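Have a look at the model first.

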Amino acid sequence: MGVAIFAHVQPSANVFSLRQIHCSSSYLRIRPNFFPGRRWLDPKFPSPRLHCFSLRCSLTNTDVCNLVATDEEDHEVTTSADSNCPVPTVHYKCDALETEALNLLAGGTYADTLLTTLPVLSEEEQNAIAATPAHPAGLYALYASCLAGNLVEQLWNFAWPAAIALLHPSLLPVAVMGFFAKLAVIVGGPLVGKLMDHFPRVPAYNCLSFVQAAAQLLSVGMIIHAHAIHPTSVSSVLVQPWFAVLVLAGAIERLSGLALGVAVERDWVVLLAGTNRPIALARANAVLSRIDLVCEIAGASLFGIFLSKHEPVTCLKLAANLMIWTLPVVVVLTWLTNKLSSGVLDHAKCSQTSFSSSSAETVPDAQNIVGMSIEAIQNGWYEYIQQPVLPASLAYVLLYFNVVLAPGGLMTAFLTQHGLEPSIIGGFSGLCAFMGVAATFVSAKMVKRFGILKAGAVGLIFQASLLTVAVAVYWSGSLSQQIPLQFFLCLIVLSRLGHMSYDVVGAQILQTGIPPSKANLIGATEVSVASLAESVMLGVAIIANDTSGFGFLAMLSLLSVVGAACLYCRWLKNPTDTQRSLFSFEPQIS
């Protein structure tokens, strides 16, 4: 509640009156320049009009204080009020008025927009605040939770294709599972994002953690069953009931992992680090990306070592035990994250109240689940297109068209056809992953030096420039020689530094520009669009499946990266009013 102070002089009664309305603080704060005549408060200039100053406090159950200063003519009102108030009337002499006023100015912490002048911080102080997370202890607990959860998820992402590939030399079962997983993300991503936006954060996160773990354990059981029956042909694998269950469980697991990742990267880390603390948010994003990359390397390495020394069934059982023991750790760390952040994750989102007014909209049933899914997809696409940082998001999506000039299955097949040693191919993938780790350190320094927006442009231009040189080396026709081929691979490795830098910085741009009430919906829709882009390029790769078509795929990948850089730089060069308001702390936005 605010404080309103009225000063008036009655010539006949020589009374100075102070009235306070709606006081919620235990202190009275007076703006220093409120009185035009400062000499009234100076004992060197005693005013004959300030003969007495009476204070009466009336306390009610609504905690509203009424301070009324009266003269002797208000004696009857004062007497009746004092009889109902245990606080006695205090008479101040004018020689103590200045001292009491200064004491009132020094007390209290309530900042009123009318009566309080906010201090101006120096640039060093502003930078210190921008680099300090709002809830550092909660962030550390979130890091630990992500470390435990991502380790299991990345291990399983490597384990299930390897275990299925050992069933039959054909890649068709893995391709079918991957296709349906992408389809589940494209179709179900907006729906899950909408549900995440309209349910409490911590219970929804823990529920999805249980769903993901259950889907992983079901998949483990199906693959172990498949290894026990030993199917003879790839066609017999696809028509088996256990394979249908495996495809369904894999789609649910992938969709749950998507929702958990979006919740942490687009919503939770923003609340814990602080939206208006760009350096702290950039560092938090870098740590999360670093954790994900380290877990990717560790998960693949651990299961690879197990698989080289034990049978596939034994390795799958070890993975299942790790899933079971990790789940309660993730749940406890999630609760601890909210506890150490003073319950900031319990804060309601903007649209929860309006959404919860209709129970039919809040809790879907079997009758309207299809209609709600269609509505969620339409709403997700609409909100995605209407977001204020759409060009930055589209640039992020365009990078997913680059499925050739990056470490992956197509690049591995291409290098294998060129006769490279498996150790060199593995070293290439490992260097790309370590470049991603290095980018998490570089991105925070880039944000601090250039600002969020220009740091994103630097990452995209760096990647596009190196890939342009790499494609030129490929079209020179000298990849049959060892040195040009290694130079080609080195350019791709270095380009990952720019790619991952924009991945971290772009995530922070979207965190800043997307409203918290729509963070999960828009984030899940964005991942769905990126999955669609990746699926399109994989379809093109299926058509041009010969190694002679690699140059065509490389050109398409390069054009997508160059297009992302041009789109982003154009958005940066022509800022809108919304962009200026969202990134008002950016010195580059004029």
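Which residue takes a positive phi just after H17? That's Gly-477, with a phi of about 80°. Keep in mind that this is a predicted model, where local features need pLDDT of at least 70 and side-chain atom pairs count only at pLDDT 80 or more, while totals for chains, interfaces and linings use all residues. Residues are numbered from 1 along each chain as its sequence is written, and side-chain values use heavy atoms, leaving out hydrogens and water.

Now back up into H17 itself, residues 452-475 (helices are DSSP runs of H or I, at least four residues, numbered from the N terminus).

Next comes H18, residues 482-513, whose axis comes within 8 Å of that of H17 and crosses it at roughly 160° (axes are lines fitted to C-alpha atoms over the stretch in contact, with angles from 0 to 180 degrees between N-to-C directions). That makes H17 roughly antiparallel to H18, a label for angles over 145 degrees. The residues of their contact divide into 21 nonpolar, 7 polar and no charged (Ala, Val, Leu, Ile, Met, Phe, Trp, Tyr, Cys and Pro count as nonpolar, Asp, Glu, Lys and Arg as charged, the others, Gly among them, as polar).

H18 also packs with H9, residues 278-309, at an angle of about 130°, their axes 10 Å apart. The contact (heavy atoms within 4.5 Å) includes Pro-278 and Leu-281 of H9 and Met-500 and Asp-503 of H18.

Technical notes:
Helices (H or I, at least four residues) and strands (E, at least two) are DSSP runs, numbered from the N terminus. Angles under 35 degrees count as roughly parallel, over 145 as roughly antiparallel, 65 to 115 as roughly perpendicular and the rest as oblique.
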